[in-house]
Amino acid sequence: MTNSWRAGLQRGGIELRHLLRNGKEMSGHLVNVVVVLLVIAYVGDDVPGTRTPMAHLMLAGFAAYLLFQVGLINLPQILVTEREEGTLLRLRATPGGIPAYLVAKCLLVVAMAVGTLAVLLAAAALLVDGPLPHGPGGWLTLAWVTTLGLLAVVPLGAAVGAVLPNPREALALIMLPALALLFTSGTMFPFTSLPAPVQQVAAVFPLKWMAQGLRSALLPDAARTAEVAGSWELPLVALVLTAWAVFGFLLAVPLLRRAARRESGSRLAARHRKAERSGAPAA
């Protein structure tokens, strides 16, 4: 297991350096930040019942969604693409290959997510008077909510990527549920403004709790009156995100191993022939 961690960290470091040199990939993350800044720049109302600007609530929500997106949308696309390229086939013959691969992807995605979050908060503070954590307690909350949030969604994203059919269908299959959660998890509107059944469904998923935790770190304490329970419920935030993290890790490793066992040279060649016949470039 120690060797798997060491190999995973080494592989993750290499992939991170490649990412930083890939201008197209980096620009995609910056576009997300620019879109968020443009949206919140034109929001002028306050959260009902408080003096907290709605733009600040939306910034916290979008920050949570960007973390969620990197783990649950970007990561599955990466995994499916690399499966098509034969990466899982090669890992099948490597001792400890799957755990090391998962560690590397976790490191890469965490770096992407944390970097995007830092750029978003810094740019918002400089350009649109966005909020930053108040005092050491706020920064500590931001750190642990971000960490637990990523632990909750990154393994889940790996599990999803292990079962998705191909890169061309992956985005279509995961974008609709992700967008539904964006609109129902209190990221763009106060959670209390949503119908009770919608609140109950959204509360099952990690995005709602990630957004609530980030609001507690970024918004003044008086803003908690707009929450369903009238408080930030940070112990419950930690409990739900930890449960999703455990569930995701228990799911991801066996699904990735199963995907690797099912890989073969003939399957890979057949997928490439099918892609060529459909007019899509082979991976």
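Let's start with a helix that is mostly covered: 13 of the 13 residues of α9 are buried. The model is predicted, so please read each exercise with that in mind.

**Exercise 1.** Find how many residues α9 has and how far it reaches from its first C-alpha to its last.

*Solution.* Begin by counting: α9 has 13 residues. Next, take the span between its end C-alpha atoms, which is 18 Å.

**Exercise 2.** Work out how α6 and α9 are oriented to each other.

*Solution.* Two packed helices are described by the angle between their axes and the distance between the axes. Here, the axes of α6 (residues 135–163) and α9 (residues 206–218) come within 8 Å and cross at roughly 170°. Angles over 145 degrees count as roughly antiparallel, so α6 is roughly antiparallel to α9. As for handedness, α6 passes α9 in a left-handed crossing.

**Exercise 3.** List the residues that meet where α6 touches α9, then sort the contact by class.

*Solution.* On the α6 side, look for G138, T141, L142, V145, T146, G149, A152 and V153. Their counterparts in α9 are P206, M210, G213, L214, S216 and A217. Sorted by class, this contact holds 8 nonpolar, 6 polar and no charged residues.

Definitions and conventions: Residues are numbered from 1 along each chain as its sequence is written. This is a predicted model: local features need pLDDT of at least 70, side-chain atom pairs count only at pLDDT 80 or more; totals for chains, interfaces and linings use all residues. Side-chain values use heavy atoms; hydrogens and water are left out. Axes are lines fitted to C-alpha atoms, for helices over the stretch in contact, and angles run from 0 to 180 degrees between N-to-C directions. Helices (H or I, at least four residues) and strands (E, at least two) are DSSP runs, numbered from the N terminus. Angles under 35 degrees count as roughly parallel, over 145 as roughly antiparallel, 65 to 115 as roughly perpendicular and the rest as oblique. A crossing is left-handed if the near helix is turned anticlockwise from the far one by less than a right angle, and right-handed if clockwise. Contact means heavy atoms within 4.5 Å. Ala, Val, Leu, Ile, Met, Phe, Trp, Tyr, Cys and Pro count as nonpolar, Asp, Glu, Lys and Arg as charged, and the others, Gly among them, as polar. The expected span of a helix is 1.5 Å times one less than its number of residues. Buried means under 20% relative accessible area, exposed over 50%, partly exposed in between (1.4 Å probe, protein chains only).
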